[in-house]
Amino acid sequence: MDYLAPYIPILMLLVIALGFGIVTLALSGLIGPRVITFTKLLPYECGNVPTGEANVRIPIKFYLVALLFLLFDMETVLILAWAIAFRDPTIPNFQPYAFLAMVFFLLILVVGFIYEWRKGALEWT
Amino acid sequence: MTLTLTPFAIEMLLRLVLILVIFHVLLIIVPFMVLWERKLLGFIQERPGPNRVGPWGILQTIVDGLKLFLKEDIRPASVDRTLHTLAPLMTVAPAILVLAIVPFADPVRITLDGGEFSLLGLTIQVAPVVLDLPIGITSLEVGILYYLAITGLAVYGIVLAGWASNSKYSLLGGIRSSAQMLSYEIALGLSLVGVLLIAGTFDLRAIIEQQDGGFWNWHVWKQPVGFLLFMVAGFAETNRLPFDLPEGESELGAGFHTEFSSMKFAMFFMAEYMNMFTFSAVLATLFLGGYTGPIASPFAELGWLNVAWGVFWLMAKIFLIVSFMIFIRGTLPRFRYDQLMDLGWKVMFPLALANMVLTAGVVAVFPPGNRWVTREEIIGQPSTVGLTLGLLVVGVAQIIIMDMILNARKRRLLANAR
Amino acid sequence: MISQIVYGLLFVLALFSAMMVVLSPHAVYGALYLVLTMVGIAALFVLMNAQLAGVLQIIVYAGAIMVLFLFVIMLLNVGRQEGGSGINRSVRWLGGVLSVAFILQVIAMYAGLRDELAANYTLEGAQSIRIDDVARLLLTDYIYAFEMTSVLLLVAVIGAVVLARRRLVQGALEEGERRGF
């Protein structure tokens with residue numbers, strides 16, 4: 001169970017962090033005054049009377065960003081794992097081989113990147 | 001009743017004490033960071049900054065914090081009540097949790113003779129122990145991945161704050177800032193690859209040990225581009241100017257925290273400064289030698305003086321980086337949103353990839369052990385021939401494919417014209 | 001002993017939040033419970049000494065995929081007012097029967113394999129997997145899978161762009177109509 005020892009402090013920190021947050025929020029809520037007026041119940045729009053629905057439609061662009069992030073995040077994770085193995089001295093001539101493996105991997109992804117760029121998926125105008 | 005403390009229990013107790021100390025130091029540092037920011041901004045803009053409460057305005061932010069604590073928590077009728085309360089917590093918790101992997105100093109040796117004492121009618125037996133306690137909360141084999149994972153979770157607090165508020169400014173601010181954080185997370189991860197290629201480990205303490213001995217060993221000299229990219233990505237991740245679009249006060253009210261007041265707002269505020277602190281610590285650790293000084297430590301290993309030396313240098317580096325972040329705030333205007341996304345995807349991402357390939361190439365030619373390989377060793381090897389041939393093939397293929405993509409339209413138009 | 005208790009607690013947490021994903025009245029809460037499930041599973045991975053899998057679980061699932069889910073929920077603006085599911089009764093019954101069957105199957109499997117599992121797979125016997133070992137395997141034994149991942153990601157990128165472009169054109173046309181062109 002030795003491998004779990006480094007995670008115990010993280011658990012302690014998590015408890016402390018949540019405890020700190022909850023206790024301060026609760027105390028502040030108890031101590032602070034509460035005077036409800038009509039204007040306080042309205043959403044804030046810089047002093048104007050709120051107009052229209054709050055549920056504005058969100059441009060599809062943001063969805064595209066999240067999707068592209070997901071894909072390139074996967075790529076990043078694989079690359080990070082590769083970076084750790086790269087200096088491995090146990091296999092002879094491992095570095096050139098690993099380098100090529102990564103270049104081929106990247107080549108295919110760069111094609112995808114250029115494609116999305118050319119298709120205007122990265123434009124925000 | 002007797003209670004026996006095993007060496008493991010003692011270590012965990014000591015760690016708990018250490019965690020509490022570090023956590024409280026962080027809580028104390030945050031107001032002073034805010035004060036320092038206001039003072040420095042004042043200096044840049046030729047005004048005194050806060051100078052009324054206490055000498056040199058030193059109590060200003062503490063009083064501000066107290067004021068926020070005592071204020072009314074205004075909650076508009078249309079908010080989602082549960083998430084409105086949860087969102088500040090979900091922002092502040094990751095900000096505290098990332099601190100877990102930051103090493104603050106070399107280990108210190110703690111010797112306990114063991115013995116017995118009684119507390120509240122409870123007899124406590126302490127086993128004799130000698131243990132080397134690393135100063136820091138913990139040390140993980142997956143250290144850097146942990147950092148990336150927890151900063152990734154910070155998005156939820158912001159996007160939920162925007163959504164739970166049920167107001168236009170908040171929603172737009174939340175969505176905007178989460179898209180920004182996502183875009184720069186890619187660059188953040190990729191800019192680290194260079195360092196990892198050199199270090200060969202995710203463990204931050206091991207990375208620091210590689211840089212020990214003097215400032216010429218710091219990774220920043222080997223990875224200047226990676227350093228720069230990581231810093232810019234970090235600015236965006238902590239939502240600092242010139243990347244403070246989430247707040248963008250002249251466009252979106254106060255962005256995702258428009259509808260938050262009192263302590264809930266203070267949580268977002270604190271989280272920002274905690275993130276600045278941790279980010280500076282990680283930046284210093286990865287590129288600037290962490291807690292190692294510019295020269296090797298003159299103090300004996302495993303002693304308290306050595307710890308003080310380490311903590312001093314880490315704090316000095318954090319102070320410099322934080323001051324630099326504030327300086328940038330006082331100097332640069334805010335990016336427009338399309339400029340921000342362009343920088344992230346079209347500049348940082350390709351640059352990080354190029355930096356990575358270059359570093360990998362150099363490490364491949366000059367393999368581990370920091371030994372320069374002789375010319376014969378490189379040229380004679382089949383793997384080198386293979387590498388060269390492979391690179392040639394890859395390059396030609398890349399040119400052909402890029403041409404196919406880039407000129408497809410032109411060719412089609414030409415064909416139509418004919 | 002303690003680790004077994006923690007294991008049980010995490011198991012209950014992951015299962016409970018997985019159930020709440022389906023039961024919570026609002027899609028955003030459902031997504032949040034799914035995040036909690038992912039974090040719980042990540043903690044279970046760590047407990048079984050698969051630290052890399054645990055962290056990747058958080059980075060990829062909790063940090064990326066679930067953000068995408070949330071974005072989609074907000075994009076489609078589903079369910080802030082709507083209550084109840086639109087699923088009709090027979091489908092609901094079918095789902096209930098299927099889930100009971102599934103649970104029974106898992107129990108049966110467990111009953112059949114219990115002795116073997118207890119003998120070979122204990123928390124104490126969890127093998128230590130070093131991260132560099134995983135990475136090296138990725139580059140040696142599983143190199144083709146590794147390279148094929150990039151092809152998969154390429155296809156996904158192209159798919160994403162094509163899908164979003166169609167919507168973008170549609171959105172632009174709609175806006176034009178609204179403005180009276």
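## Three chains and their contacts

Let's start where chains C and A meet: 43 residues of chain C are in contact with 39 residues of chain A. Please keep in mind throughout that this is a predicted model. Sorted by class, the side of chain C that touches chain A holds 30 nonpolar, 7 polar and 6 charged residues.

Chain A also meets chain B, and here the contact takes 63 residues from chain A and 79 residues from chain B. Four helices of chain A, namely H1 (7-31), H2 (38-41), H3 (60-85) and H4 (94-118), each supply at least two residues of the side that touches chain B. Which helix gives the most to this side of chain A? It is H1(A), with 16 residues. The class count for the side of chain A that touches chain B is 48 nonpolar, 9 polar and 6 charged residues.

The table sets the two contacts side by side, with the class counts for one side of each.

| Contact | Residues in contact | Side counted | Classes on that side |
|---|---|---|---|
| Chain C with chain A | 43 residues of chain C, 39 residues of chain A | Chain C | 30 nonpolar, 7 polar, 6 charged |
| Chain A with chain B | 63 residues from chain A, 79 residues from chain B | Chain A | 48 nonpolar, 9 polar, 6 charged |

### H1(A) against H3(B)

One pairing across the contact of chains A and B can be followed residue by residue. The axes of H1(A) and helix H3 (residues 81-97) of chain B come within 9 Å and cross at roughly 145°, and the crossing is right-handed. H1(A) brings Leu13(A), Leu14(A), Ala17(A), Leu18(A), Gly21(A), Ile22(A) and Leu25(A) to this contact, while H3(B) brings Thr85(B), Leu89(B), Val92(B), Ala93(B), Ile96(B) and Leu97(B). These residues divide into 11 nonpolar, 2 polar and no charged.

### Inside chain B

Chain B has 14 helices and 5 strands. Of its 418 residues, 45% are buried. Among the contacts in chain B with a separation of 6 or more, 80% join residues 24 or more positions apart.

Helix H1 (residues 7-44) of chain B has 38 residues. From its first C-alpha to its last, H1(B) reaches 53 Å, close to the 56 Å expected at 1.5 Å a residue. The buried residues of H1(B) are Arg15(B), Ile19(B), Val30(B), Met33(B), Val34(B), Leu35(B), Glu37(B) and Lys39(B). They pack against H1 of chain A, and also against helix H2 (60-70), helix H10 (262-287) and helix H11 (304-331) of chain B. After H1(B) comes Glu46(B), whose phi is positive, near 55°.

Another residue to look up is Ala364(B), which sits in helix H12 (residues 337-365) of chain B. Is Ala364(B) buried or exposed? With 23 other C-beta atoms within 10 Å, Ala364(B) is buried, since the cut-off for that label is 20 or more. Leaving aside neighbours within four places in sequence, Ala364(B) is in contact with Gln95(A), Pro96(A) and Phe99(A).

### Inside chain C

Chain C has 6 helices and 0 strands. Buried residues make up 25% of its 181 residues. For contacts in chain C with a separation of 6 or more, 58% are between residues 24 or more positions apart.

How do the axes of helix H1 (residues 2-23) of chain C and H2(C) lie, and at what angle? They are 8 Å apart, and the helices pack at an angle of about 155°. An angle over 145 degrees counts as roughly antiparallel, so H1(C) and H2(C) are roughly antiparallel to each other. Their crossing is left-handed. Residues making the contact include Val6(C), Leu10(C), Phe11(C) and Ala14(C) of H1(C), and Tyr33(C), Leu34(C), Thr37(C) and Gly40(C) of H2(C). By class, the contact of H1(C) with H2(C) has 16 nonpolar, 5 polar and no charged residues.

Definitions and conventions
Residues numbered from 1 in each chain as written. Chains lettered and ligands numbered in written order. Predicted model: local features only at pLDDT ≥ 70, side-chain atom pairs only at ≥ 80, totals over all residues. Contact = placed C-beta atoms within 7 Å. Nonpolar A, V, L, I, M, F, W, Y, C, P; charged D, E, K, R; others polar. Buried ≥ 20, exposed ≤ 12 C-beta atoms within 10 Å, placed from the backbone. Expected span 1.5 Å × (residues − 1). Axes fitted to C-alpha atoms, helices over the stretch in contact; angles between N-to-C directions. Parallel < 35°, antiparallel > 145°, perpendicular 65-115°, else oblique. Left-handed = near helix turned anticlockwise from the far one by under 90°.
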